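Welcome, and please open your viewer. We will go from stop to stop, selecting a few residues each time and looking at what is there.

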Amino acid sequence: MNDRVMQLEPGLGWRQARLALLAYAHIVVCAVSLYCITITNSFPGVIGFDKSHLAAAILNVVAFSPVVILFAFGRFSLGYLVGFYFYVMVLGYLWLIEFSVLDYDHRLALASIVLSALAFLAPALFITGPVRQAVVMPARAFYMMPSVILVGAAVIIGIGSLYNLKLVNLSEMYKYRAEVALPGLLQYAIWIVSNALLPLAFACFVTSKRNWQAGIALLLMLLFYPIMLTKMALFAPVWLLFLALVCRLVVEARVATILSFFLPVLIGVILFVLVKAELFPLTPGLVYFGTVNTRMVAIPSLALEIYNNYFSAHPLTHFCQINVLKLVIPCAYSEPIWAVMARSYDLGSFNASLFATEGIASVGLVLAPLSALGCGLIIALGNRLSAGLPSQFVLLSAGLLPQVLLNVPLSTALLTNGAGLLFLLWYITPRSAFDQAPKAAVSESPQATSTG
């Protein structure tokens, strides 16, 4: 592979047309899902359905939809995976903004988020050239690494269970989670292991066809739920298993990326319609719709609405949500921003993506696109550090990062949730370890030369 930075598929062939059609189908399904959420008045005091604004919401979605063509041309990478989820988040905000009942400059916010999305996607999608490996992990050490991660995860689970161990259902999760008190270092270890290292181990086992060990990795991820009592801990193993099944059925990682979002949302829309038609039980149907469609599509978009409103009338953070910076710069907030949002809007703890935290909250709407560009360059670094690895391996090992990045700042994802460590491990992973991998696992590698 040459050292060029920009990597485009050279023509709008069948693969590109297929990707564009699939992406557009996902846009339609997401719009229907957002319509279902809006008409149910799920967020009173923030979003209010007004039929007269429906045409404007549809027009916003249609106007922004051509941006999805970028995903038909870009090669698969970490930026492709994360960028597609962020694209849908922005699309959701462009829908919800037309039903906003909050007071802020909606036109400026609309222009800012569109420019921010483009500024982020440009480097995240198209800066993928590899960097020279100055340090390479020995192949034997790489083969042993996932087993070491399993042992380390089991030890951390054992220690964590000494502090908290409650098996409760979802309806009681928030009640008992407020009582969870773990030492700081243990919390960091749990977040890094569960969000970065165990998915990496799972990817290693899947690509080397060590299925039993892959199952153990998923089981260990599930065992973090009674300790942390978070939805991420409960659903993460299900999500990674789903991604692995999609990867097995679909060779091309770009198609797998889009299907990973499209299929769950489509099922939710179908269940919503069936529940309304009284053809499916109410509780399981709405629980699925609320967990998948509302949580994956609407909540990250709604966070942009909340942050726009709050920081239009309050001081900016100037990145002081990064704890280290509080030591050297003055900060208008003595508590975490998610706690400020929870107190101000009575919608629960509202962590949000880099577009809301590093963008809206830190620098304001005018400078938010520059912040998004910087964040896109950081994701592009992840692209470059993982270049040459099989795309299935990158997709599975980064499988939880889109969910993390939709809900926490990029700085938090890099440090607290282990994304930075994952980047480092990608960089030192020996590319030769995948020489004997199945052809399907490497056919969409960033180094692949076929164009379709």
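This is a predicted model: local features need pLDDT of at least 70, side-chain atom pairs count only at pLDDT 80 or more; totals for chains, interfaces and linings use all residues.

**Stop 1: H4 and H12**

Select helix H4, residues 78–96, together with helix H12, residues 253–276. H4 passes H12 in a right-handed crossing. Their axes lie 10 Å apart, and the packing angle is about 35°. To see where they touch, show the side chains of Tyr80, Leu81, Phe84, Tyr85 and Val88 on H4, then Arg254, Thr257, Ile258, Ser260 and Phe261 on H12. This contact between H4 and H12 consists of seven nonpolar residues, two polar ones and one charged one.

**Stop 2: the core**

Now look at the largest nonpolar core, which has 158 residues. Colour Phe120, Leu198, Tyr307, Met341 and Trp426, the residues with the most contacts inside this core. H4, from the previous stop, gives the most to the core, with 16 residues.

Which residues does Trp426 touch, leaving out those up to four places away in sequence? Select Trp426 and look around its side chain: among its partners are Leu78, Leu200, Gly382, Leu385, Phe393 and Arg431.

**Stop 3: H13 and its two partners**

Next, select helix H13, residues 282–311, and helix H14, residues 337–345. Their axes are 11 Å apart and meet at an angle of about 85°, so H13 and H14 are roughly perpendicular to each other. On the H13 side, the meeting residues are Ile306, Tyr307, Asn309, Tyr310 and Phe311; on the H14 side, they are Ile337, Val340, Met341, Ser344 and Tyr345. Eight of the residues in this contact of H13 with H14 are nonpolar, two are polar and none is charged.

H13 passes H15 in a right-handed crossing. Leu304, Tyr307, Asn308 and Phe311 of H13 meet Phe355, Ala356, Thr357, Ile360, Ala361 and Leu365 of H15. The contact of H13 with H15 has eight nonpolar residues, two polar and no charged ones.

**Stop 4**

Find Ser65 in the loop between helix H2 (54–64) and helix H3 (70–73). Is Ser65 buried or exposed? Ser65 has a relative accessible area of 7%, so it is buried. Beyond its neighbours within four places in sequence, Ser65 is in contact with Tyr24, Ile27 and Tyr87.

Then move to Pro430, in the loop between helix H19 (419–428) and helix H20 (439–442). Pro430 is buried, with a relative accessible area of 4%. Setting aside neighbours within four places in sequence, its contacts are Val136, Met137, Pro138, Ala139 and Phe142.

**Stop 5: two positive phi values**

Finish with Asn41, in the loop between helix H1 (14–39) and H2. Its phi is near 55°, a positive value in a residue other than glycine. Asn41 is partly exposed, at 43% relative accessible area.

Lys209, in the loop between helix H8 (184–207) and helix H9 (211–222), has a positive phi of about 60° although it is not a glycine. Lys209 is exposed, with a relative accessible area of 55%.

Terms used. Residues are numbered from 1 along each chain as its sequence is written. Side-chain values use heavy atoms; hydrogens and water are left out. A nonpolar core is a set of buried Ala, Val, Leu, Ile, Met, Phe, Trp, Tyr and Cys residues joined through side-chain atoms within 4.5 Å. Buried means under 20% relative accessible area, exposed over 50%, partly exposed in between (1.4 Å probe, protein chains only). Helices (H or I, at least four residues) and strands (E, at least two) are DSSP runs, numbered from the N terminus. Contact means heavy atoms within 4.5 Å. Axes are lines fitted to C-alpha atoms, for helices over the stretch in contact, and angles run from 0 to 180 degrees between N-to-C directions. A crossing is left-handed if the near helix is turned anticlockwise from the far one by less than a right angle, and right-handed if clockwise. Ala, Val, Leu, Ile, Met, Phe, Trp, Tyr, Cys and Pro count as nonpolar, Asp, Glu, Lys and Arg as charged, and the others, Gly among them, as polar. Angles under 35 degrees count as roughly parallel, over 145 as roughly antiparallel, 65 to 115 as roughly perpendicular and the rest as oblique.
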